[in-house]
Amino acid sequence: MFYQLTYFFGFLATVSLAYFVYVNNNRRETNFIFSAFLVFVSGWIATLYLFYNSQSPFWVLVFGRFNIAFAIPFAHLIYYFAHIFPTKTKPLNHYLHLVLITETLTLFFLTILTPLVDEMEIIKGTSRTTIYGPLYPIFIVHFISYILAATVVFFKKLHFYTGIKKIQIQYIFCGLTTSVGFGITTNIIIPLLTHHTDIQNLGTIAPIIFASFASYAIIRHRFLDITLAIRNTLTYLFSSLAVSIITLVITILSGLRKLTSLDFNYLTSILVGSILVSILLPILLKNITSFLDRTIFGRTLSYQLSLKTLAEKLPQILELSDLVELIIKTLINTMGLTRAAVLITDLDKESNHYKITKTIGFNETNGISMVKDNFLTQFLEKNPRILVIDELQKITEESPDPHEQQKIQELIDHMIHIEAGLIIPVVIDKKLSSLIVLGNKKGGDVYTSEDLELLEVIASQAAVAIQNARLYKKINNYNQELQHDIDQATIKLQKQNRQLHKANDELKVLDKMKDQLIAVTSHELRTPATIIQNYLWMVLNQPDSKTRLTPKEKERIERSFTSVQDLIQLINETLDASKIDGGRLEVFLEPIKVATVFDKIRSTYTDRAAEKNLKLVMPSINPKYFIKGDETRLQEVITNLIVNSIKYTDAGTITVKVNPYPKNTKNLLFSIADTGRGIAKENIPKLFGKFYREDTSLSSSTPKTGGTGLGLYITKNLVELMQGKIWVESIHGVGSTFFFTLPQATPSQTASLSSRIIR
Amino acid sequence: MPTIPKAKILLVEDNPQTAQFYQEFLSTKYDVDLSPDGQIGLETLRQNPLKYSLILLDIMLPKVDGVALLEIKQKDPKIAAIPLVLLTNFDDKATIHHCLEIGAKSCLMKSNITPDKILNVVDNLIG
């Protein structure tokens with residue numbers, strides 16, 4: 001009995017393994033070859049069992065020969081498998097391959113058909129004695145050679161591979177050696193030692209050990225999960241047992257067989273039959289169903305496939321319209337529907353107002369829009385479950401309230417009117433968010449429980465997807481609003497900008513008017529002031545003025561003359577400052593002989609300095625020094641600085657020098673140094689600003705230090721207009737030196753144009 | 001001793017006070033005729049093309065302004081040779097530059113300078 005079980009389980013294991021490995025990936029050579037190997041092993045086990053359990057001499061001989069014969073290809077296949085697992089290494093020589101196959105096939109058929117290997121079997125009860133033919137040693141050599149060759153190939157590969165493949169080889173190598181060892185022990189060592197051949201029956205376990213290890217190695221690192229394989233095995237085992245028990249019970253109860261007459265062979269045949277039924281039936285059913293689906297309903301997608309497609313696609317779709325379209329189309333195609341529609345509550349409204357998002361087949365005019373906001377939606381909000389028209393009928397019948405009955409009846413009529421067969425509520429956060437309205441099936445079929453289950457799943461998936469799509473839409477809307485706001489703000493800014501531009505233009509006009517006003521006024525002021533100045537000058541300079549004017553009168557007229565000169569200076573400076581501000585002050589740029597300018601200044605300002613007992617030192621200038629500039633303006637710059645120095649120096653010297661600028665000899669460096677009171681460090685940055693005055697205290701604002709405070713501002717701008725730089729170095733109480741640079745020019749013989757302007 | 005006739009100057013100036021001053025100031029050495037606007041100035045010159053040794057010309061003038069007068073004068077061969085000095089307060093770089101280039105001898109900024117400087121220039125040109 002124990003041996004019988006080993007046969008049974010050995011057979012079961014090899015057949016199921018063959019199936020799993022083949023199904024796992026039937027396009028891979030490895031799986032195919034290994035499955036073939038397992039088929040031969042199972043055949044070997046089966047024939048061995050039949051060999052021991054048959055009594056007829058003919059059948060014993062047949063099974064004995066087949067038993068030996070099956071071992072021939074199986075050994076060959078192990079060897080071949082060793083070559084192609086886990087990846088095909090160097091291909092076997094084509095001719096050698098053919099020779100080997102021919103040898104195996106020849107030996108296989110010789111064994112079955114001739115007595116050359118297995119001559120005859122002598123039957124004595126349960127024991128069998130085989131008389132071997134002359135080719136038996138060749139079979140032994142064949143078998144051992146292939147197994148050994150396979151072992152050698154695997155052993156070599158063990159060193160060749162790394163990582164997962166090495167682990168796979170390790171499994172197989174381990175299985176192979178274990179089973180070989182086991183086989184040698186049971187079939188050779190124990191019988192030799194104990195003279196007990198019964199134990200050879202256990203030899204069936206040897207290939208199973210190898211098969212198990214190898215199958216695990218093959219499957220483990222392919223996609224099939226081994227736990228799934230185990231689960232499936234157990235499923236088939238239990239279902240087989242269940243079928244067997246049911247069959248047994250039926251046979252006994254129906255009186256076909258009596259409990260006492262149940263022999264081993266009968267039980268075994270029932271078990272094998274059950275196994276076949278449990279394995280083959282689901283496959284058969286599946287194929288028949290899909291065949292019928294295709295032929296009768298014209299469906300292109302199976303339920304499972306459509307569900308899988310939806311499940312895969314739904315989370316990827318963010319556009320609500322695409323999402324709804326996919327749901328509708330999948331449902332129509334899968335179930336063979338006449339029409340379908342999706343209604344979704346308005347995104348932003350709190351009210352439960354539904355919007356038709358997509359319809360296929362429904363006609364807007366037949367009243368689908370009436371579903372949007374009526375008793376039906378209210379009903380579904382309270383009872384969020386799939387609503388089939390037949391069920392509504394049931395609700396009307398059960399409802400005790402005649403008013404509600406009437407209402408539901410209206411609803412049913414309405415659903416019939418629009419030809420809606422089924423409504424699926426889509427619930428998000430316990431709130432009804434969408435409705436999927438389906439028509440009827442094309443063939444006029446009713447919705448089955450399978451349909452409803454599928455629709456439940458789709459509804460829950462759709463809920464998540466719709467939620468995502470809505471959030472996406474919300475974000476999109478928000479983005480658009482933001483963009484809109486930005487655009488609005490931009491337009492507003494542009495408008496403001498234009499206004500500012502306009503205002504600026506107006507201001508420019510006003511500024512120009514101001515400048516013109518200043519220009520005109522100063523011109524008009526200047527004319528009378530000049531006349532006064534000129535007459536006063538005339539009085540002071542007429543030949544007989546000394547005799548005609550008393551000293552007192554002369555002093556008064558002189559004061560008037562100075563004041564009117566100051567007034568004219570003020571007007572001129574104001575005018576210049578106004579031109580600077582408006583960017584309209586212009587200078588001539590032409591070669592100027594610096595010596596000429598110095599000569600013009602020297603005598604006048606030596607006298608002016610002398611009036612304050614100051615010494616003006618202006619050494620004669622290298623006649624080769626030319627600058628590029630405006631002669632009258634250069635004169636103005638130098639005299640402004642000299643006047644400034646005179647103003648703030650009480651005793652000592654004012655020295656004016658010109659030298660090439662050491663830092664950039666293309667420029668000349670002018671310096672006006674005094675021994676005056678100097679400038680406080682903090683005041684230096686303000687010095688060249690508009691209206692700056694060193695001394696702002698009232699006590700010091702005597703006529704002598706008077707002025708507009710525009711002098712240095714104009715000076716700085718004139719220097720810069722002539723492409724120069726101006727700065728000051730000063731030590732408070734010691735003196736100040738003003739420096740300015742101007743670009744040198746190539747000497748010119750002709751007198752400059754600006755020298756002809758006399759200011 | 002026969003008196004040497006004074007050289008004649010034509011002063012074109014619209015402001016009577018200013019004109020009066022220069023007339024008076026220069027009268028010690030020169031004979032100054034006055035034209036109150038550019039048109040009269042031009043007519044005076046054309047009628048007496050050989051009379052004047054110098055023209056003192058303001059720029060901002062009624063009817064024909066100084067620049068136009070100068071341009072016309074320079075194109076008129078009969079009077080083109082008469083030396084001309086601008087006596088003005090019109091401080092515009094481009095205008096003055098233009099005038100000096102087409103033939104004005106000098107440009108005197110009348111408010112900035114004392115009368116003796118004007119006399120210097122006039123003496124130099126007539127002398």
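The contact between the two chains takes 19 residues from chain A and 22 residues from chain B, where two residues are in contact if their C-beta atoms, placed from the backbone, lie within 7 Å. This is a predicted model, in which local features need pLDDT of at least 70 and side-chain atom pairs count only at pLDDT 80 or more, while totals for chains, interfaces and linings use all residues. Residues are numbered from 1 along each chain as its sequence is written, and chains are lettered from A and ligands numbered from 1 in the order in which they are written.

On the side of chain A that touches chain B, α15, α17 (551-581) and β15 (757-758) of chain A each supply at least two residues. Helices (H or I, at least four residues) and strands (E, at least two) are DSSP runs, numbered from the N terminus. The largest share of this side, 10 residues, comes from α15(A). By type, the side of chain A that touches chain B divides into 10 nonpolar, five polar and four charged residues; Ala, Val, Leu, Ile, Met, Phe, Trp, Tyr, Cys and Pro count as nonpolar, Asp, Glu, Lys and Arg as charged, and the others, Gly among them, as polar.

The strand β15(A) is joined by two bridges to strand β5 (residues 106-109) of chain B, and the two run parallel. Within β5(B), L108(B) is the bridge partner of I758(A). Two strands pair if DSSP finds at least two bridges between them.

Chain A also holds pairings of its own. Strand β6 (residues 422-428) of chain A is mostly covered, with five of its seven residues buried; a residue is buried if 20 or more other C-beta atoms lie within 10 Å of its own, exposed if 12 or fewer, and partly exposed in between. Strand β5 (residues 387-388) of chain A pairs with β6(A) in the antiparallel sense over two bridges, and L387(A) stands opposite I423(A). Strand β7 (residues 431-438) of chain A likewise pairs with β6(A) in the antiparallel sense, over seven bridges. There I428(A) stands opposite K431(A). Two residues lie between the strands of this hairpin, and D429(A) takes a positive phi near 50°.

The helix α15 (residues 449-541) of chain A includes L540(A). This residue is partly exposed because 16 other C-beta atoms lie within 10 Å. L540(A) and E553(A) are 13 residues apart in sequence and 9.9 Å apart in space, C-alpha to C-alpha.
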